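Here are some friendly notes to read with the model open beside you. Take the points one at a time, and look up each residue as you go.

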Amino acid sequence: MSYENLENVRTEIRDQILFVTIDRPKVLNALNSQTVEEIGRVFDDAREDDAVRAIIVTGGGEKAFVAGADINELAKKTPMSGKNTSERGQQILSRIERSTKPVIAAINGFALGGGCEIALACHIRIASDKAQIGLPEVSLGIIPGYGGTQRMARLLGKAKALELICTGDRISAAEAEKIGLVNRVVPAESLMANAEEMARKIISRSPVAVRAAIEAVNSGSEMPFEEGQFLEATLFGLLCASEDMKEGMNAFLEKRPANFPGK
Ligand code: COA
């Protein structure tokens, strides 16, 4: 895999973890359309890349994860081009959510607008104690357009989502943890170490089981309960045919660590 021709996104693979750094520090990593497309390409490549077992998304520089969509570009949108931009962003962020490999957002600073929406599309969110998170779009006369109204309401419930979206308030990492918007808050200097530790733990588990778990939770939570349970049982049954299941069970019975083939 090449992850080639990227201007605004840096990638590095280390110990089977793909580090994706959104990197336009002069504008606090704001998302212009090129950056959104580059993120899409990185997630397409990562899906096919056997060298990648987990993905960590973060922002370049000290100050921001991503400070939202690029307002210079947004200011020029017409109703039709605005709709297209929103739909394209939604499609690309859904690629993050549907990643078959676990995706951890390491929120290192401002995660506003589209930045908050990227974090919401990730499977797990770890925030630095310096992070500030919010959906300020109503202050600009628009609403979140990269899935934020939908993911925020599903994650936090309608009342809290509407409070955050309609006030446009930025909240601290501590407040975000309290309401369940981020999984945990850690000191800024140990953010990446924490994200890596979590990625490494997940990598040590069965990749086929982790993939099935992501699919069961993501797809199942969009279905009526009984259909979600049906999906769960089907994936459970499928895993019983996997080499990983044999290895996991044998390792337990033989009192040794499992070495999953990922098949
Ligand atoms: N789009 C384009 N440029 C942006 C941007 C965005 N979303 N967010 C920040 N920038 C630019 C600023 O214009 C500034 O550029 P300049 O140096 O040429 O003036 C630079 O990034 C640094 O930002 P600045 O505002 O000076 O930093 P700050 O520490 O005073 O404030 C924020 C940080 C994040 C609070 C502030 O930049 C902000 O509110 N950004 C917009 C957030 C937003 O509304 N996002 C949702 C968009 S839909």
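1. By class, the largest cavity is lined by four nonpolar, three polar and three charged residues. Here Ala, Val, Leu, Ile, Met, Phe, Trp, Tyr, Cys and Pro count as nonpolar, Asp, Glu, Lys and Arg as charged, and the others, Gly among them, as polar. The lining is made up of L31, N32, S33, A69, D70, E73, L74, K77, T85 and Y146. The space in this cavity comes to about 50 Å³, and the structure holds one cavity of 30 Å³ or more.

2. A word on what you are looking at: this is a predicted model, in which local features need pLDDT of at least 70 and side-chain atom pairs count only at pLDDT 80 or more, while totals for chains, interfaces and linings use all residues. Residues are numbered from 1 along each chain as its sequence is written, and side-chain values use heavy atoms, with hydrogens and water left out.

3. How is empty space found? Rolling a probe the size of a water molecule over the atoms shows where it is left. On a 1 Å grid over the protein atoms alone, a cavity is a set of points where a 1.4 Å probe fits but cannot get out, and a pocket is an open set with protein on both sides within 12 Å along at least five of seven lines; lining residues have an atom within 4 Å of a point. Grid points are joined across faces, edges and corners, and a volume is the space filled by probe spheres set on the points.

4. Now turn to the largest pocket, with about 840 Å³ of space. It has 30 lining residues, and E97, R151, N218, S221 and E222 are the closest to its centre. Helix 9 (207–220) is among the elements that supply at least two lining residues, and it gives the most, with seven. (Helices are DSSP runs of H or I with at least four residues, strands are runs of E with at least two, and both are numbered from the N terminus.) The lining divides into 11 nonpolar, 11 polar and eight charged residues.

5. The second largest pocket has a volume of about 560 Å³. Among its 23 lining residues, A69, L74, E137, I142 and I143 are the closest to the centre. By class, the lining has 12 nonpolar, eight polar and three charged residues.

6. Which residues are closest to the ligand? For K26, a backbone N or O atom lies 3.4 Å from an oxygen atom of the ligand. Pairs of N or O atoms within 3.5 Å count as polar contacts; within protein, one must be able to donate a hydrogen and the other to accept it, and residues adjacent in sequence count only if both atoms are side-chain atoms.
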